[in-house]
Amino acid sequence: MDVSVKPAEKRKVAVGAPLPHDSARLHVTGRASYTDDLPEPRDLLHVAVGMSTVAHANIGEIGLADVLAAPGVIDVCVAADIVGANNCGPIVADDPILAADIVEYVGQAVFAVAATSVDDARKATRLATIEYRELDAILDPLTAVEKGSFVLPSETLVRGDPDSALQSAPHRASRRVFLGGQDQFYLEGHIAMAIPQDDGCLLVYSSTQHPDEIQTLVAHATKRSANDVTVICRRMGGAFGGKESQAALIACIAALLTDKTGRSCKLRLDRDDDMIMTGKRHDFVIDYDVGFDDTGRILGIDFEFASRCGMSADLSGPVNDRTMFSCDNAYFLENVRIVSHRCKTNTVSNTAFRGFGGPQGMFAIEYAIEDIARRLGVDPLLVRRRNFYGKDERNITQYHQTVEDNIIDEIFDQLVASSDYEARRTDIHEFNTGSAILKRGIAITPVKFGISFTNTLLNQAGALVHVYKDGTVQLNHGGTEMGQGLYIKVAQVVADEFQIDIDRIRIMEADTSKVPNTSATAASSGADMNGMAAKKAAAKICSRLTEFAARHFAVPEANIDFRDNHVHCGDAVVTFTELVQLAWADRVSLSATGFYKTPKINYDRATFSGRPFFYFAYGAAVTEVVVDILTGENRTLRVDILHDCGDSLNPAIDLGQIEGGYVQGVGWLTSEELWWNDRGELGTHAPSTYKIPTCSDLAPDFRVELMQSVANKEDTIYRSKAVAEPPLMLALSAFYAIRDAIASDASPLPDLQAPATPESILNALQAASHE
C-alpha cells in the first residue's frame with residue numbers, strides 16, 4: 001500500500017453548503033418510492049373503513065352480512081375482533097381504533113373491510129346497515145365551554161397582577177376573535193401496509209412521523225411485544241404534523257386485518273376520507289382584554305382560549321400548552337393571565353400541525369398589538385417595538401424562562417430598512433386616498449418560537465452508522481423524511497465528521513429495528529437531535545480509526561488528521577478507504593451508535609414554569625396586499641422575509657422551508673376554510689371546496705433572506721437553528737396587511753375573522769359600515 005505523501009483533491013465541505021435534497025432527482029423523475037409504490041406481496045388484501053354517518057350516537061346492531069357477501073370481500077373487522085387494546089390515543093387512552101358502543105364524530109371508524117381490490121373494499125363499506133340511537137352533539141368550542149365539555153381540564157397561567165394592571169391602565173381594548181383550523185393537505189394521504197413475518201412477527205410500512213409510536217400501538221392492539229413489530233418509513237409525501245399521531249389508526253387497522261386474515265393488508269385513504277377521518281389544526285375562539293399606556297406599552301393582558309379538540313385528547317394537551325407559551329410571541333408581558341379550555345366536541349380529534357399551537361397564540365397577541373396601535377392612531381410597528389423583549393431586562397417569559405438569545409430588534413432594524421417599509425407605508429396611504437375600490441395594506445410582524453419538545457423526555461435521539469470495507473457509509477437515525485430535507489442535513493454532518501464526500505453516504509429509511517425508542521420527527525427538532533446523534537456515532541468510529549492509525553503508523557494520535565477523503569498519519573497519507581481496510585483487517589469495529597439528549601431544558605408542568613425550550617428562533621416578515629372592497633378579493637403584492645437559521649446547515653433547504661412555511665401560513669389565514677354543517681358533517685373535504693394556495697397566489701415580488709453572521713448561542717449542531725415550524729408564523733403579516741387595507745379613519749378597527757376569505761372581508765366591511 002502506497003503511504004507516501006501525495007496531493008489530495010480538495011473536498012467540498014458539506015455542512016453549510018446549499019446541497020439539493022437527497023431525493024430531489026427521484027422526486028422530479030417520479031422514481032421516489034412512497035409506501036403505496038412498494039412492491040405488493042402476493043395475495044395482498046386492500047382495506048377500506050366503514051365510517052360513522054352521525055356525530056354522536058349509541059351504536060345498536062351493526063349489519064355486515066351484505067358486506068361479507070360483496071364481490072372480492074375476504075373478511076371484516078369490528079371492535080370485538082380486537083384482541084389487544086382498542087386504542088390509538090398517543091397520550092390518553094380515549095381514542096378507539098374501531099368504535100364499539102358509541103360514535104362521537106362523523107367519519108369515526110366503525111368497521112373495516114379487507115378485499116382483493118381497492119374498489120371492492122370501498123364499495124363494500126357502503127353496504128353495511130348500522131343502527132344509531134342519536135345523542136345531542138356539541139359541535140363548537142363555545143357550546144363546549146357552556147356545557148363544561150372538555151377532553152382535558154382547563155389550565156390557567158398567571159404572572160404578576162393582571163387585574164390591577166387592567167383596572168389602572170389609561171387605555172383598554174377587548175375583543176373576541178374566531179380563528180379557523182387547517183387541514184394538513186399532504187400530497188400523499190394516510191397509508192399503511194402490514195406484512196406477516198416468521199414466528200408471529202409483523203412488518204409495517206407506514207407513512208408516519210413517529211415509527212416508534214406506531215410500533216407501540218400496533219403491538220398493544222395485536223397483543224404483541226414491541227420486539228415482534230418492525231415499522232419502516234423511507235419517506236412521506238408531506239405530513240406537517242398530520243402524521244405524528246394520526247397515522248396510528250391506519251396502521252392498527254391494517255395490522256388487525258393482517259392478523260385476522262393471515263394475509264398482508266394495505267389501507268390507503270382517498271382524499272375525501274382522509275380529510276373526514278383525520279384531525280387538523282385546532283381552531284380557536286379567543287377573548288382578550290388588554291390595558292396599555294399612551295405609548296402603547298402593554299401594562300396587563302387577560303387571554304381566554306377555547307380550542308376545538310374534537311372527540312378525544314390526541315395531542316391537544318401539549319398543543320394548547322404551547323399556545324399558552326406562545327401568546328407572548330416577541331413581547332414582554334409583565335402582568336398576564338392565560339386561561340386555556342381544551343374543548344371536547346363531536347368532531348374529529350384535532351392534532352399536530354406545523355407550529356403546534358404556537359401560531360394560534362401568536363395570532364392572539366398580534367391582534368391585540370394591532371388594536372392598541374389603531375386605538376392610539378400610530379403605526380403598529382411602533383407598538384411592536386415598544387413591547388419587544390429586552391436584552392438584560394424585561395427578558396423573562398410568562399413561564400419564567402429567561403430569553404438569552406434575543407435578536408428581534410436587529411432583525412426588525414434590518415428588515416425595515418431592506419423592505420423600505422416606511423416609504424411604502426406613505427405610498428400606500430396616498431394610493432388609498434385616491435382609490436375608492438382597491439385598497440392596499442402593509443404589515444410587519446415578528447416571530448419568536450421556542451425550540452424543543454415541551455415534554456422533556458421526548459428530547460432524545462439515536463443513530464446507527466456503519467462504515468463498510470470499501471469506505472462507504474450507511475446512515476441510520478430515528479428521524480423521518482417528509483420532504484423537509486432532514487436526511488440530507490444529517491448526511492452533511494456525517495460527511496464532514498469523516499471528511500469524505502457526501503456521495504459515499506447511503507441514507508437509510510427510518511426503521512425501528514435499527515434505531516429504537518425514537519421520538520417523533522416534530523417540534524422542529526429533527527436536525528438538532530438526529531444530527532447530533534449521528535455526529536456522535538461517526539465520532540466514535542473516527543476515534544477508533546484514529547487509535548488504530550496511531551498504533552499502525554507509530555505516531556501520536558494528535559498527528560492523525562482526517563482531511564479531503566484522506567487520513568494524514570504523520571508523514572504517511574492513506575485514503576479513507578485504505579485506512580478502513582487496514583482497520584478492518586485488524587478487527588476494529590466500524591459500526592457505532594450515537595445518542596443525544598437536549599441539554600439545559602427542564603419544565604414543571606404543574607406550575608407552568610422552567611426552561612421548556614433550548615433556544616428561540618427568530619424572524620420577521622413584511623407583506624403588502626391589495627383588496628377589492630366590493631368583492632373581498634385580495635392579492636399579495638410583495639413579501640420581504642428575514643429569518644434566523646443560526647449558522648445554516650443547508651441554506652438551500654432552509655430557504656425552501658421558509659418560503660413554503662410562509663405560503664402554508666397564508667393559506668391558513670386567508671383561504672383554507674373548514675366548514676361543518678349543523679349535523680357535524682365536514683363540507684370542505686376535497687380540493688374543490690377546500691382552497692390551499694396555488695402558484696398563482698404567490699406574491700410576484702417575493703424576497704427571502706437568511707440572517708447572516710448570527711450563530712446560535714447554544715451548542716446546537718454546528719450552531720444551526722431549527723427552521724421547520726417558525727416560518728409559518730411569518731404569514732401573520734399577510735392577515736394583518738389585509739386588515740390594514742380594509743381599515744379606515746371612520747372604522748380603524750375592522751372585526752376581521754380568520755381565515756380572511758372574501759366572505760370574511762366583506763362581513764368585516766359590512767359590520768364596520770353599521771358602526
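User: Is His643 buried or exposed?
Analyst: This is a predicted model, and in it His643 belongs to strand 28, residues 634-643. Its relative accessible area is 0%, and the cut-off for buried is under 20%. His643 is therefore buried.

User: Which residues touch His643, leaving aside neighbours within four places in sequence?
Analyst: The contacts of His643 include Tyr618, Gly619 and Ile658. Others among them are Glu705, Leu706, Met707 and Val723. The list also includes Pro726, Pro727 and Leu730.

User: How many Å apart in space are His643 and Leu730, C-alpha to C-alpha?
Analyst: Leu730 is one of the residues in contact with His643. In sequence the two are 87 residues apart. In space, the C-alpha atoms of His643 and Leu730 are separated by 9.1 Å.

User: Are helix 14 and helix 15 roughly parallel or roughly antiparallel to each other?
Analyst: Helix 14 covers residues 486-498 and helix 15 covers residues 526-553. Their axes lie 9 Å apart, at an angle of about 25°. Angles under 35 degrees count as roughly parallel. The two helices are therefore roughly parallel.

User: Is the crossing of helix 14 and helix 15 left-handed or right-handed?
Analyst: The helix 14 side of this packing includes Leu486, Val490, Val493 and Phe498, and the helix 15 side includes Ala534, Ala538, Ile541 and Cys542. By class, the contact has 11 nonpolar, 3 polar and 3 charged residues. The crossing itself is right-handed.

User: How is helix 17 placed relative to helix 18, oblique or roughly parallel?
Analyst: The axes of helix 17 (residues 651-670) and helix 18 (residues 732-742) come within 8 Å and cross at roughly 45°. An angle under 35 degrees would count as roughly parallel. Helix 17 is therefore oblique to helix 18.

User: How many charged residues are in the contact of helix 17 with helix 18?
Analyst: Helix 17 contributes Tyr662, Val666, Leu669 and Thr670, which meet Leu732, Ser733, Ala734, Phe735 and Ile738 of helix 18. These divide into 7 nonpolar and 2 polar residues.

User: How far apart are the end C-alpha atoms of helix 7, and what span should its residues give?
Analyst: Helix 7 has 15 residues, 247-261, of which 13 are buried. At 1.5 Å a residue the helix should span 21 Å. The end C-alpha atoms agree with this, being 22 Å apart.

User: Which residue takes a positive phi just after helix 10?
Analyst: Helix 10 (residues 358-376) should span 27 Å, and its end C-alpha atoms, 28 Å apart, agree. It is mostly covered, with 17 of its 19 residues buried. Just after helix 10 comes a phi of about 70°, at Gly377.

User: What is the phi of Lys223, which is not a glycine?
Analyst: Most residues other than glycine have a negative phi. Lys223 sits in the loop between helix 6 (211-222) and strand 11 (229-233), and is exposed at 66% relative accessible area. Its phi is positive, about 60°.

User: Is Ala554 buried or exposed?
Analyst: Ala554 lies in the loop between helix 15 and strand 21 (560-563). Although not a glycine, Ala554 has a positive phi of about 55°. Its relative accessibility is 69%, so Ala554 counts as exposed.

User: Which residues does a cis peptide bond join, with omega about 5°?
Analyst: Most peptide bonds are trans. The cis bond involves Pro755, which is found in the loop between helix 18 and helix 19 (758-769). The residues joined are Ala754 and Pro755.

Definitions and conventions:
Residues numbered from 1 in each chain as written. Predicted model: local features only at pLDDT ≥ 70, side-chain atom pairs only at ≥ 80, totals over all residues. Heavy atoms only, no water. Axes fitted to C-alpha atoms, helices over the stretch in contact; angles between N-to-C directions. Helix = DSSP H or I, 4+ residues; strand = E, 2+ residues; numbered from the N terminus. Parallel < 35°, antiparallel > 145°, perpendicular 65-115°, else oblique. Left-handed = near helix turned anticlockwise from the far one by under 90°. Contact = heavy atoms within 4.5 Å. Nonpolar A, V, L, I, M, F, W, Y, C, P; charged D, E, K, R; others polar. Expected span 1.5 Å × (residues − 1). Buried < 20%, exposed > 50% of the residue type's maximum accessible area, 1.4 Å probe, protein only.
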